[in-house]
Amino acid sequence: VRLVESGGGLVQPGGSLRLSCAASGRTFNSQAMGWFRQAPGKEREFVATISWSGGNEYYADSVKGRFTISRDNAKNTGYLQMNSLKPEDTAVYYCAAGRFNTFVSRYDYWGQGTQVTVSS
């Protein structure tokens, strides 16, 4: 599975962005998809995950109520809608495919990442 993220950029606090994760490979639709982020000098951290069918979602407490994960298996694409962005959301965001889980090690495939910067 090859994953390519897009949609990152610079946004003011309180603004919104939608990240996309385009997947190639027949197994994407049978795997959970996760979003993680990594800020400079920090470890990669879990943001959100969605099951292969889209029927189950789970979020980190820090983004709950502000971010929404979704997927369109017909298009082999996943999304992360980010609203009410805060400066502390600034990081490189990665999508990943693997098992429905919050741990980095449970995901077998990773994208290259997309930068999100929240600043006035």
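**A residue and its surroundings**

Guide: Ile69 is buried, with a relative accessible area of 1%. Please keep in mind that this is a predicted model.

Visitor: Which strand is Ile69 found in?
Guide: Ile69 belongs to strand β7, which covers residues 67-72.

Visitor: And which residues is Ile69 in contact with, leaving aside its neighbours within four places in sequence?
Guide: With those neighbours left aside, Ile69 is in contact with Met33, Trp35, Ala48, Thr49, Ile50, Glu57, Tyr59, Tyr79 and Leu80.

Visitor: Take Ala48 from that list. How many residues apart in sequence are Ile69 and Ala48?
Guide: They are 21 residues apart in sequence, while their C-alpha atoms are 6.6 Å apart in space.

Visitor: Back to the strand. What is the order of strands in the open sheet of four?
Guide: The order is β1-β3-β8-β7, and the pairing is antiparallel. From one strand to the next, the twist averages 15 degrees.

Visitor: Which strands stand at the edges?
Guide: Those are β1, residues 2-6, and β7. Each has a single partner strand, so one side of each is left without a neighbour in the sheet.

Visitor: What holds strands of a sheet together in pairs?
Guide: Strands of a sheet pair through backbone hydrogen bonds, in either a parallel or an antiparallel manner.

Visitor: How many bridges join β1 to β3 here?
Guide: Five bridges join β1 to β3, the strand of residues 17-24, and the two run antiparallel. Within this pairing, Leu3 has Ala23 in β3 as its bridge partner, and Arg2 stands opposite Ser24 in β3.

Visitor: And how many join β3 to β8?
Guide: Six bridges join β3 to β8, again with an antiparallel run. Ala22 stands opposite Thr77 in β8.

Visitor: Changing topic: how many salt bridges does a search of the whole structure find?
Guide: The search finds four. One of them joins Arg37 and Asp89, whose closest N and O atoms are 2.9 Å apart. This pair links distant parts of the chain, since Arg37 is in strand β4 (residues 32-38) and Asp89 is in the loop between β8 (77-82) and β9 (91-98), 52 residues apart.

Visitor: Is Arg37 buried or exposed?
Guide: Arg37 is buried, because its relative accessible area is 6% and the cut-off for buried is under 20%. Asp89 is also buried, at 1%.

Visitor: Which other residue meets Asp89 in a salt bridge at 2.8 Å?
Guide: That residue is Arg66, and the 2.8 Å is taken from N to O. Arg66 lies in the loop between β6 (57-59) and β7, 23 residues from Asp89, so this pair too links distant parts of the chain. Both Asp89 and Arg66 are buried.

Visitor: Which residues do salt bridges that share partners join into one network?
Guide: The network consists of Arg37, Glu45, Arg66 and Asp89.

Visitor: What about Asp61 and Lys64?
Guide: The side chains of Asp61 and Lys64 meet in a salt bridge at 3.1 Å, N to O. Asp61 is exposed, with a relative accessible area of 66%, whereas Lys64 is partly exposed, with 47%.

Notes. Residues are numbered from 1 along each chain as its sequence is written. This is a predicted model: local features need pLDDT of at least 70, side-chain atom pairs count only at pLDDT 80 or more; totals for chains, interfaces and linings use all residues. Side-chain values use heavy atoms; hydrogens and water are left out. Buried means under 20% relative accessible area, exposed over 50%, partly exposed in between (1.4 Å probe, protein chains only). Contact means heavy atoms within 4.5 Å. Two strands pair if DSSP finds at least two bridges between them. Axes are lines fitted to C-alpha atoms, for helices over the stretch in contact, and angles run from 0 to 180 degrees between N-to-C directions.
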